[in-house]
Structures are given as structure tokens and as C-alpha cells.
Amino acid sequence: MDRVSLGEVARVAGVSKGTASKVFNGRDGISASTAERVRAVAGRLGYVAVARSRPDGPPTVWVAFDTLANHYAATVLDGLLAEVQALGAVAVIARWGDARGPEPRPATPAWMEYGHAHGADAFLLITTPADDAQARTADRLGTPLVVMDPSTSTPAGVRSIGATNWRGGMQATEHLLELGHRRIAFVGAPTASTPGEERRAGYAAALAAAGLPLDPRLAVPGSFTFEDGLAVTGLLRGPEPPTAVFGASDAVALGVLEAARREGLRVPADLSVVGFDDSYAASSASPPLTTINQPLAEMGHVAVRAALAGVRGEVAPSAPVQLGTRLVVRASTAAPPA
């Protein structure tokens with residue numbers, strides 16, 4: 001028989017999940033009558049609160065990144081930590097792939113159980129896989145779960161933060177089309193990644209609006225990495241090379257710049273390159289990178305605010321929160337060679 005979740009207790013008691021969580025975690029701000037009603041419903045349903053040892057002090061958000069070794073993560077982390085400090089909270093940072101030490105692998109249900117038992121008030125998963133098991137665990141623990149740019153689809157009922165990736169994909173491709181490019185490659189997006197697929201769909205939509213078919217040879221999947229950009233060498237050496245490459249991330253675009261250099265191609269005279277993120281590295285690249293700005297630092301701010309709003313028991317928005325993208329034109333794009 002499935003265990004009764006804190007969410008079920010909250011629904012029957014007529015309170016938010018955050019309020020019910022406060023009752024069992026001993027937090028202030030709950031009237032005696034409300035606490036009594038919640039405990040009575042819990043007893044009737046057979047709910048058993050998960051034991052935890054939470055020190056007194058500021059709210060704590062446990063954060064799991066897929067990786068910290070890229071420009072995206074560094075920019076998001078900067079915004080996230082600034083917001084944590086501004087709100088008087090605490091962040092515990094982990095990497096999804098790190099299984100060392102006594103803790104379970106970050107971002108897994110077991111890690112959430114461990115975090116809850118050690119004082120986590122909310123969980124924030126950034127570019128990691130997200131699934132129903134995590135959502136069920138958060139619901140049962142009564143601990144808010146927020147995801148940002150998950151590498152899979154977002155489970156129902158989970159707060160989601162991201163950017164307008166489809167629109168950004170269109171903006172990048174439209175810019176290249178307006179310059180006169182017709183053979184435009186899209187490189188480096190994982191096929192299982194929701195943001196990556198949205199960017200690819202925006203690219204395809206812009207081509208279709210211009211009356212151009214999508215050449216599958218020019219849409220090359222990857223993992224948002226520098227190495228994905230380096231791997232365009234085969235395309236650049238082909239009989240019909242692209243005159244422009246849209247990298248699914250700035251890291252991919254930086255790899256394309258290096259691949260072009262190794263092939264003796266001048267950017268943008270011989271090849272135009274566009275990235276996606278507008279990370280710290282974009283403006284200092286050589287040449288400075290034209291890219292799609294997604295407000296990564298602000299996404300970090302918003303994700304922390306969403307997590308702490310859940311701790312306070314505020315109702316989560318029903319739709320994903322998407323922050324707007326914009327094209328930033330620098331020196332890596334120009335008209336195609338004559």
C-alpha cells in the first residue's frame with residue numbers, strides 16, 4: 001500500500017502543503033487550531049511524518065547541478081548565490097554526477113530523503129533529469145521542488161523555471177537568414193533535453209517561415225559541450241558546407257570558433273557563428289560572439305525565490321515560468337561569402 005503523502009493531508013485539511021509542512025517541522029506562524037486540524041487529518045489518514053533533524057536558523061535550499069564545469073552553470077550559480085544571500089537563506093550545492101562521500105547521488109529521491117533528514121527546506125534541480133519519482137518524494141516529504149532547464153520533461157505539478165528557448169532558436173536563425181545565409185547548421189542540442197529540443201524547433205520554424213527545408217545533415221545533436229562544436233569539422237570539410245552555424249549553447253559555439261580556426265576559416269568572413277546563453281565567455285571570445293541572451297543570473301534569482309515561496313506555503317504557478325530571450329549581435333556574424 002502506498003504511503004500517504006503530505007500533499008494528501010494538506011488537501012483533506014484544507015491548507016497548503018507548505019502550511020502542513022510547517023506543522024510537522026515545528027515552524028512558527030501556524031495557529032493552534034490549524035495545527036490541531038492538520039494533525040487530526042494526518043492521524044485519520046495514517047500519515048507518518050518523516051523524521052528529520054533541522055537546526056534553527058535560516059531556510060536551507062539544497063541545489064543539484066548537472067555539472068558546474070561550464071559557463072551556463074557559473075552564471076546561474078552567481079545569480080542563485082546572490083539571491084540566497086539577499087534573502088538570508090542558505091544553499092547547499094552538489095553535482096548530479098558526484099557519488100562520492102556518504103550522501104546518496106545528488107538529485108535522486110534518496111538524496112532528497114537524506115537532505116530532508118538533514119535540514120533541507122527545499123530542493124532545486126538545475127539541468128538534471130527530472131521525473132515523477134522525485135516529484136512524489138517531494139510531495140511526501142512536504143518539501144518544495146523546483147527545476148530549471150531539466151534534461152527531461154518536467155513532471156506534472158513541479159515548479160519550472162526556464163527561458164523562451166523556442167523563441168530564442170527563432171531569433172538566432174532569423175538573424176542569420178536576414179544576413180543572407182541559407183545553409184545554416186544547428187549543432188549541439190541533446191535530443192532528450194527539453195530546452196535543446198525547443199531551440200531546435202525554433203530553428204526549424206524560422207527555416208520553414210523562410211521557405212527553406214530542414215536539411216537533416218545540418219542538424220547535429222550533441223551535449224551542449226565545446227567538443228560538440230569542435231566536431232563540426234566534418235561539416236566544414238564537406239562538399240556543401242554551411243555558411244553559418246548556430247550552436248545550441250555558447251560552449252558549443254566556442255568550439256565551432258576553434259574548429260573554424262583549425263580549418264583556416266575566418267569568422268565571420270568565411271563562417272558566421274551564433275551561440276545561446278550570453279554567458280561570461282561570449283563577450284570575451286575572439287571574435288566576440290553573437291548569441292542569444294537568456295537571463296541566466298535572473299533565472300537563478302527566480303528559482304531561489306520560487307523555492308522559498310514554496311517553503312512559505314505559497315501556491316505555485318500552474319504554468320512554467322519562462323524568462324524572455326533576446327538577440328545580442330557582436331562580431332561573429334556577417335553576410336555569407338560571395
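Pro268 is found in the loop between α11 (250-262) and β9 (272-277), where helices (H or I, at least four residues) and strands (E, at least two) are DSSP runs numbered from the N terminus. The peptide bond that leads from Val267 to Pro268 is cis, with omega near 10°. This is a predicted model, in which local features need pLDDT of at least 70, side-chain atom pairs count only at pLDDT 80 or more, and totals for chains, interfaces and linings use all residues. Residues are numbered from 1 along each chain as its sequence is written, and side-chain values use heavy atoms, with hydrogens and water left out.

Two further loops deserve attention. Pro287 lies in the loop between α12 (280-284) and β10 (290-293), and a cis peptide bond with omega of about 0° joins Ser286 to Pro287. In the loop between β7 (219-220) and α9 (226-230) lies Phe224; phi of Phe224 is near 65°, a positive value in a residue other than glycine.

The helices come next. Helix α4 (residues 71-86) packs against helix α13 (residues 296-311) at an angle of about 45°, with their axes 7 Å apart. That angle makes α4 oblique to α13, since angles under 35 degrees count as roughly parallel, over 145 as roughly antiparallel, 65 to 115 as roughly perpendicular and the rest as oblique. Contact means heavy atoms within 4.5 Å, and among the residues that meet are Tyr72 and Gly79 in α4 and Leu296 and His301 in α13. By class, this contact of α4 with α13 has nine nonpolar, four polar and two charged residues.

Helix α7 (residues 165-178) and helix α8 (residues 194-209) pack at an angle of about 40°, their axes being 7 Å apart. The two helices α7 and α8 are therefore oblique to each other. Their contact includes Trp166 and Met170 of α7 and Tyr203 and Leu207 of α8. The residues of the contact of α7 with α8 divide into nine nonpolar, four polar and three charged.

The volume of the largest pocket is about 700 Å³. Its lining comprises 31 residues, of which Lys17, Asp139, Gly157, Arg159 and Ala316 lie nearest the centre of the pocket. The largest share of this lining, five residues, comes from α6.

Terms used: Axes are lines fitted to C-alpha atoms, for helices over the stretch in contact, and angles run from 0 to 180 degrees between N-to-C directions. Ala, Val, Leu, Ile, Met, Phe, Trp, Tyr, Cys and Pro count as nonpolar, Asp, Glu, Lys and Arg as charged, and the others, Gly among them, as polar. On a 1 Å grid over the protein atoms alone, a cavity is a set of points where a 1.4 Å probe fits but cannot get out, and a pocket is an open set with protein on both sides within 12 Å along at least five of seven lines; lining residues have an atom within 4 Å of a point. Grid points are joined across faces, edges and corners, and a volume is the space filled by probe spheres set on the points.
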